[in-house]
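This briefing goes with the sequence and structure shown below. Please keep both in view while reading the points that follow.

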Amino acid sequence: MRNSYAALFVSFLLFLVWVGMEGSTAPQPSPPPKPRLKWYKGNTHTHTLNSDGDSTPDEVVRWYREHGYHFLVLTDHNFLTHVDGLNALHGADEKFLVIRGEEVSDQFGGKPLHINGLHLKRLVKPQGGSSVVETLQRNVDAIRKESGVPHINHPNFGWAITADELRQVRNNKLFEIYNGHPHVNNQGGGGVPGLEAVWDAILSSGKLLYGIAVDDAHVFKRPWDRGAARPGQGWVVVRAERLSPDALLDAMERGDFYASTGVELADYRADDKSITITIREVPSSKYRVRFIGRGGRILSEAVTNPAVYRITGEEGYVRAKILESNGSVAWTQPIMLGKAEAQEAR
Ligand SMILES: [Zn+2]
Ligand SMILES: [Zn+2]
């Protein structure tokens, strides 16, 4: 018996050798080349003369293209701007992309409820509803129905949306943790939490939401006016295969991007064991990287570059905030751990 096993084992070895020899002579099917991922900088919230902005779509697109961006979503209030002509003009070299979008601008009980629809097929009219949550949900659903990607805007504008309300909205993956408009109360106050605390409250409940930074730019003609909603305040940098609406928006809904008000990353890697962040430093600035977990707790703060965090599995989630010495910031997206991941709702 033992001998026959040995014989079987030897013939198996011979078979492996034969397969190996075959392999060395016969052409092997080459594995499909891995798509090369690139980083694309973009802004998903911008206004033009088609609602209450001060410049034409052409001028607005030109501003972003000339300032190092790769893509822009035009999102006028309840207006879907055509972008084919703009792309023919500004995207012919395939270095810049304009994506059509709309800021679906609804309200409930006098509270402004604004939801962006990115890459919509058709205009979405404000849907209304009998509560803040229902109004948000009906607009998110209407945006999805037109194949758009929703993001919920400036929750603290008009003190409209609480963390608990935001947490209840389904089929929405993105919300603004930073909006460059001067009257949107990003920082909170008077007992109302700021948007980062809102984010941590939602993540701590086990619901996964990704945080974006946007301009909400309206004013391009007064670049000196600090009280105006100017461009260049907040953006996302998305890791995607190519510069196309689907590739960019799929990556955003996977959380493969970071949000920024000025900090640039050279690389960002994360798996269930560790997170590594490499900053593209401005020589005169200094940086620290804060790793944050459940309840907004600071897990560690690193001053090395790259900054590495080793995940224990007990954090609930881990996200990173990179702080630059003059106040600019980048936020990476949360890695959900353990039970939290199972509860993730779409
Ligand atoms: Zn708005
Ligand atoms: Zn807006």
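Two strands pair if DSSP finds at least two bridges between them. Helices (H or I, at least four residues) and strands (E, at least two) are themselves DSSP runs, numbered from the N terminus. This is a predicted model, in which local features need pLDDT of at least 70 and side-chain atom pairs count only at pLDDT 80 or more, while totals for chains, interfaces and linings use all residues. Residues are numbered from 1 along each chain as its sequence is written, and chains are lettered from A and ligands numbered from 1 in the order in which they are written.

**Overview**

- The protein chain holds 8 helices and 17 strands.
- Of its 346 residues, 42% count as buried. A residue is buried if 20 or more other C-beta atoms lie within 10 Å of its own, exposed if 12 or fewer, and partly exposed in between, with C-beta atoms placed from the backbone.
- Two residues are in contact if their C-beta atoms, placed from the backbone, lie within 7 Å. Among contacts between residues at least 6 apart in sequence, 61% join residues at least 24 apart.

**Strands S5, S6 and S7**

- Strand S5 (residues 149-152) pairs with S6 in the parallel sense, over 2 bridges. Isoleucine 152 has phenylalanine 175 in S6 as its bridge partner.
- S6 also runs parallel to strand S7 (residues 210-214), and 5 bridges join the two. Here leucine 174 stands opposite tyrosine 210 in S7.
- How many residues of strand S6 (residues 174-179) are buried? The count is 6 of its 6 residues.

**The largest nonpolar core**

- A nonpolar core is a set of buried Ala, Val, Leu, Ile, Met, Phe, Trp, Tyr and Cys residues joined through C-beta atoms within 7 Å. In soluble globular proteins, nonpolar side chains tend to be buried together.
- The largest such core has 84 residues, and those with the most contacts inside it are Ile177, Val236 and Ala259.
- Helix H4 (residues 132-145) gives the most to this core, with 6 residues.
- At least three residues of the core come from each of domain 1 (38-261) and domain 2 (263-346). The domain bounds come from an automatic or database domain assignment.
- Leaving out residues up to four places away in sequence, valine 236 touches Gly42, Thr44, Ile212, Ala213, Met252, Phe257 and Ala259.

- Helix H2 (residues 57-66) has Pro57, Val60, Val61, Tyr64 and Arg65 buried. They cover an arc of only 130° around the axis, which puts them on the same side of H2. The arc is that of the directions from the helix axis to the C-beta atoms.
- Strand S1 (38-43), strand S2 (71-77), helix H3 (84-90) and strand S3 (97-108) are included in what covers the buried residues of H2.
- After H2 comes glycine 68, with a positive phi near 85°.
- In helix H7 (residues 245-253), the buried residues are Leu248, Leu249 and Met252. Seen down the axis of H7, these residues fall within an arc of 90°, so they line one face of the helix.

- An open sheet is formed by 3 strands in the order S10-S11-S14, with antiparallel pairing. Its edge strands, each pairing on one side only, are strand S10 (265-270) and strand S14 (307-310).
- S10 and strand S11 (residues 274-279) run antiparallel and are joined by 5 bridges. The two form a hairpin with 3 residues between them.
- Leucine 265 stands opposite isoleucine 279 in S11, and arginine 269 has threonine 276 as its bridge partner there.
- S11 and S14 also run antiparallel, joined by 4 bridges. Isoleucine 277 stands opposite alanine 307 in S14.

**Phenylalanine 291**

- Phenylalanine 291 lies in strand S12 (residues 287-293). This residue counts as buried because there are 23 C-beta neighbours inside 10 Å.
- Apart from neighbours within four places in sequence, phenylalanine 291 is in contact with Ile275, Leu299, Ser300, Tyr309, Val318 and Ala320.
- Phenylalanine 291 and isoleucine 322 are 31 residues apart in sequence, and 8.7 Å separates them in space, C-alpha to C-alpha.
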